[in-house]
Amino acid sequence: MIKAIMAVDDKGGISKDNTMPWPKNSNDLKWFKKNTLNQVVVMGSKTWEDPFMPTPLIKRQNIIITNKDNSYYPGANEYLKGNISNEIIKLEEKYIEKDIFIIGGSNIINQSFDLFKEFYL
């Protein structure tokens, strides 16, 4: 199943200075970890590069959407290019026993919004 997770502030903002509005909220981070462990996480390169983002996320399939050379993001399990929606649908077919979590950023969320079966804020 394709799902999305976004951290937003009280005004609906999704980032501050290219990172989460509250990068050290332990309750949010525990919830995120509990729900994404042993699943697939898909993110854009800016999310991967976030200084508060431990990369790769352990015990998860880390998939990066980027137009850059794959060697620019060592540690990811896979790299996607091209039509985001089509590529995410292929992931769902490939990882049939796992949930696919789109975790950011806003550009990736916008391009794949119609695919989500669940959306967590």
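Which strands does helix 3 lie across? Helix 3 (residues 84-94) lies across strand 1, strand 2 (40-44), strand 3 (61-65), strand 4 and strand 5 (100-104), where contact means heavy atoms within 4.5 Å. Helix 3 runs at about 145° to strand 4; axes are lines fitted to C-alpha atoms, for helices over the stretch in contact, and angles run from 0 to 180 degrees between N-to-C directions.

## About the model

This is a predicted model, in which local features need pLDDT of at least 70 and side-chain atom pairs pLDDT 80 or more, while totals for chains, interfaces and linings use all residues. Residues are numbered from 1 along each chain as its sequence is written, and side-chain values use heavy atoms, leaving out hydrogens and water.

Six strands, paired in parallel, form an open sheet with the order 4-3-2-5-1-6. At its edges are strand 4 (78-80) and strand 6 (118-120), each pairing on one side only. Neighbouring strands are turned by 25° against each other on average, direction ignored.

Strands (E, at least two residues) and helices (H or I, at least four) are DSSP runs, numbered from the N terminus, and two strands pair if DSSP finds at least two bridges between them. Strand 1 (residues 2-5) pairs with strand 6 in the parallel sense over 3 bridges, and Lys-3 stands opposite Glu-118 in strand 6.

## Aromatic rings

The model has 5 aromatic pairs, counting rings of Phe, Tyr and Trp (its six-membered ring) with centres within 6.5 Å; planes under 30 degrees apart are stacked, over 60 edge-to-face, and the rest tilted. Phe-113 and Phe-116 pair edge-to-face, at 5.7 Å centre to centre and 70° between the planes. Ring pairs link Phe-113, Phe-116 and Phe-119 into a cluster.

Phe-116 is buried at 13% relative accessible area, whereas Phe-113 is partly exposed at 48% (buried is under 20%, exposed over 50%, partly exposed in between, with a 1.4 Å probe and protein chains only).
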